[in-house]
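The following exercises concern a single structure and are each followed by a worked solution. Please have the sequence and the model at hand while working through them.

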Amino acid sequence: MSSIGTGYDLSVTTFSPDGRVFQIEYAAKAVDNSGTVIGIKCKDGIVLGVEKLITSKMMLPGSNRRIHSVHRHSGMAVAGLAADGRQIVARAKAEATQYDGVYGEAIPLKELAGRVANYVHLCTLYWWLRPFGCGVILGGYDRDGPQLYMIEPSGISYRYFGAAIGKGKQAAKTN
Amino acid sequence: MEPGLNDLNEPHSMGTTIIGVTYNGGVVLGADSRTSTGMYVANRASDKISQLTDNVYVCRSGSAADSQVLSDYVRYFLHQHTIQLGQPATVKVAANLVRLISYNNKNMLQTGLIVGGWDKYEGGKIYGIPLGGTIVEQPFAIGGSGSSYLYGFFDQAWKEGMTKEEAEQLVVKAVSLAIARDGASGGVVRTVTINSEGVTRNFYPGDTLPLWHEELPAQNSLLDILSAPSPEPMST
């Protein structure tokens, strides 16, 4: 599927004549070309897995962590541009601790996913910001049990019981 | 007469006795109904138990204005929180919001509160939030000037796992004991019972409350003696 958006793909604030924002689609491509990330919701918890990418033999094993804890009850696995992912994780951590400071309880996963999605979407609204080049799988355990959310570069967030992003996502999904 | 006139300019304060008690399945909140400005009773039938959400109520004591404004703010924040969350707020969250405002404005506020309610995760819960803005989760809490007279009483009378009726009777008895001894508490006893089935408000006027040690029975006027029938003449 070649989607050439000549002229309509220079800025995230431009719609194409057929109603697409190409910059966001290109951001999604950055995610598709990266290492696979999988998340599964089980009866009693969440499992997150990432493909270990060893770009050089000199790299220390255990570096390039792509699964991060967000709060006592939640964690995030990142696919795509690693530096962008760090920003999203930092934002999620900040939202979670701020909620805890105000309401005195751990942030419900639905609320956290909504806030992260809002933040990711925010960066698709201004010409002087570029969209995040990473997708995130957010998993956690709150009062309503284990939950799994996926947030795409467009800012869309859905709840899943199984999700995969990255190069091997089709293969993972068929399995 | 000077002291009497000055009273009218004093800020409204609720001397008060407030109580919150958990029982097997919910909570019972209770309070007296006296609001005083100095020695004058500004309102003898006030309602000190305010609603925060459908399932969480708060007993207010101390400055009437401060406690009203605080509970207005918390009601507003909780309403927004409920909409965002998509389900009723928990008692813990309500209590934490009260605590946040109380603590951050401790220099300006003078109000002690008891937050009580029922939610589907934790059941019935009582949180005491006294003057400085600490938050303490307790099986029962007492507050206000009248509570000084109830500490020993509750140590002896409170039991784990009471029924709804036992808990309500305990609260009414306690408030009426405090009213008997504390000049700043009086009027009627109001209770609010919250459980999985909903909220029930009750009202116990003064004449339904028992009389305690050395309390005189209420009488309209000693002039009643005059209108009483004259005694039968004695016969030998």
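**Exercise 1: The contact of two chains**

Chain B and chain A together bury about 1100 Å², of which 47% lies on carbon and sulfur atoms. The model is a predicted one. Determine which residues of chain B lose the most area to chain A, and which elements give two or more residues to that side.

*Solution.* Step 1: B:Gln84, B:Leu85 and B:Tyr121 lose the most area, together 36% of what the side of chain B buries. Step 2: the contact takes 13 residues from chain B and 11 residues from chain A. Step 3: helix 2 (64-85) and helix 3 (91-104) of chain B each give two or more residues; helix 3 of chain B supplies the largest share, six residues. Step 4: by kind, the side of chain B divides into five nonpolar, five polar and three charged residues.

**Exercise 2: A salt bridge**

Identify which side chains meet in a salt bridge.

*Solution.* Step 1: the count between chain B and chain A is one salt bridge. Step 2: the partners are A:Arg143 and B:Glu122, with 3.5 Å from N to O. Because the cut-off is 4 Å, this pair qualifies.

**Exercise 3: A sheet in chain B**

State the strand order of the open sheet of five strands in chain B, and name the edge strands.

*Solution.* Step 1: the order is 11-2-3-12-13, with antiparallel pairing. Step 2: strand 11 (140-143) and strand 13 (198-204) of chain B are the edges, each pairing on one side only. Step 3: six bridges join strand 2 (residues 18-23) to strand 3 (residues 26-31) of chain B; B:Gly20 has B:Leu29 as its bridge partner.

Technical notes
Residues numbered from 1 in each chain as written. Chains lettered and ligands numbered in written order. Predicted model: local features only at pLDDT ≥ 70, side-chain atom pairs only at ≥ 80, totals over all residues. Heavy atoms only, no water. Pairing = 2+ DSSP bridges. Helix = DSSP H or I, 4+ residues; strand = E, 2+ residues; numbered from the N terminus. Contact = heavy atoms within 4.5 Å. Buried area = accessible area lost by both parts, 1.4 Å probe. Nonpolar A, V, L, I, M, F, W, Y, C, P; charged D, E, K, R; others polar.
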